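Dear colleague,

I am handing over the structure we spoke about, and below it you will find a careful account of what was found. Please keep it open beside this message while you read.

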Amino acid sequence: LARRLAHVPPTVFSEMSALALRTGAINLGQGFPDVDGPASVVAAAEAALESGANQYAPGIGVPALRAAIARHQQRNYGLEVDPDREVVVTTGCTEAVAAALLGLVDPGDEVVVLEPYYDSYVAMLEMCGAQRRPVTLRAPAFRPDPDELRAAITDRTKLVLLNTPHNPTGTVLTGEELQLIADLAVEHDVLVVTDEVYEHLVFDGRAHVPIATLPGMWERTLTLSSAGKSYSFTGWKVGWATGPAPLVQAVLAAKQWLTFTSGSPLQPAVAHALDHEPDWPRALARDLQGRRDLLCDGLAAAGLTPRVPEGTYFVTTDVSHLGWADGRELCLALPERAGVVAIPTQGFYDDVDAGRHLVRWAFCKQPEVISEGLRRLAEAD
Ligand code: GLN
């Protein structure tokens, strides 16, 4: 194995989903819904397949989807995006992250990232040879400390890699937190790459604010998202990046050598979703809020201490109250002992002590599945 990957462990999501399949356990680990997105969008994909949208799409993405993404940014956030120069379609947000980092970061560049971080960020930063500067979101509040942000973002920083709503903690960055990051980015002239795949999955009347909408930020921000989480099509792998033309060009410069272009028949279908099912993600969020409460109440009753998430479809718990100092040990034992799979999040921290006792549970599952998982947990010894 090449040195750049030698220290990156295999993704815990595949490891834990394989464990769930092997043991027949209920999978509250990997974040994928057990009900698909809107039928009209599936029909649009079938129509695209049959109408011959089966050869290479343009590298930048099919025009209908780029236009729909631009309208989505306008409608939701008042951002005026040129669909021909300021949007690029990617193979999921994971490719958008990869292409953004490969297109913008040189070996040795410092990149500030919130930890716990989504595992692909670290793998990509390693592949780019970047210097990682984590800002730790600590239990139980999981908020960035302003002084730690100030210390991390300096003239040596190339870019800040943000994620809000934040996986795995469920934190939604507040206007004040975003403003501080924006002020530091402008002061030190650094870029921001922001993964906003859970943009519509926020609870209790909260609003998601893209940092690109703050004064002085559009020109230095790449905003990434996807249809996977908003429309419950995680397997479609249709994502995108929006931002000023030079930053979108940097994504495209890398993307052309990664996947060349993204799958063509699914792009018109996602355009259909954005244009014709604009309220579907918010309805999903309302539904998820009830499941969040079901899961959090049950986890609390089982002696875990959930941090009620503000967004995403994940809840993080402290398992030390159950007598488990190490969340990974618990997660490896849980399928056999209780028939449930969850994700240890310690691997998402450089500061391992900050995450050793934390476990993430997904609630993007049908209520009966969550209830059965909770019943099994309650009965386990
Ligand atoms: N984003 C999802 C999660 O956090 C799926 C991740 C994956 O399988 N790579 O669970």
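Two strands are said to pair if DSSP finds at least two bridges between them, and the elements named here are DSSP runs, numbered from the N terminus, with helices being H or I runs of at least four residues and strands being E runs of at least two. In strand β6, T194 is the residue that stands opposite L162. Strand β5, residues 157-163, and strand β6, residues 191-195, run parallel and are joined by five bridges.

Before going further, please note that this is a predicted model, in which local features need pLDDT of at least 70 and side-chain atom pairs count only at pLDDT 80 or more, while totals for chains, interfaces and linings use all residues. Residues are numbered from 1 along each chain as its sequence is written.

The pair β5 and β6 belongs to an open sheet of seven strands, whose order is β2-β8-β7-β6-β5-β3-β4 and whose pairing is mixed. At the edges stand β2 (87-90) and β4 (131-136), each of which has a single partner strand, so one side of each is left without a neighbour in the sheet.

Turning to a helix, α3 covers residues 39-50, twelve residues in all, and reaches 17 Å from its first C-alpha to its last, which is close to the 16 Å expected at 1.5 Å a residue (the expected span being 1.5 Å times one less than the number of residues). Its buried residues are V41, A44, A45 and A48, where buried means that 20 or more other C-beta atoms lie within 10 Å of the residue's own, exposed means 12 or fewer, partly exposed lies in between, and C-beta atoms are placed from the backbone. Seen down the axis of α3, these buried residues fall within an arc of 100°, so they line one face of the helix; the arc is that of the directions from the helix axis to the C-beta atoms. On the other side of α3, the residues A39, A43, E46 and E50 are exposed. The buried residues of α3 pack against α11 (266-276), and α3 is followed by G52, whose phi is positive, near 90°.

As for the whole chain, it has 15 helices and 13 strands, and 51% of its 381 residues count as buried. Along its principal axes, the C-alpha trace spans about 60 × 50 × 45 Å.

Terms used: Contact = placed C-beta atoms within 7 Å.
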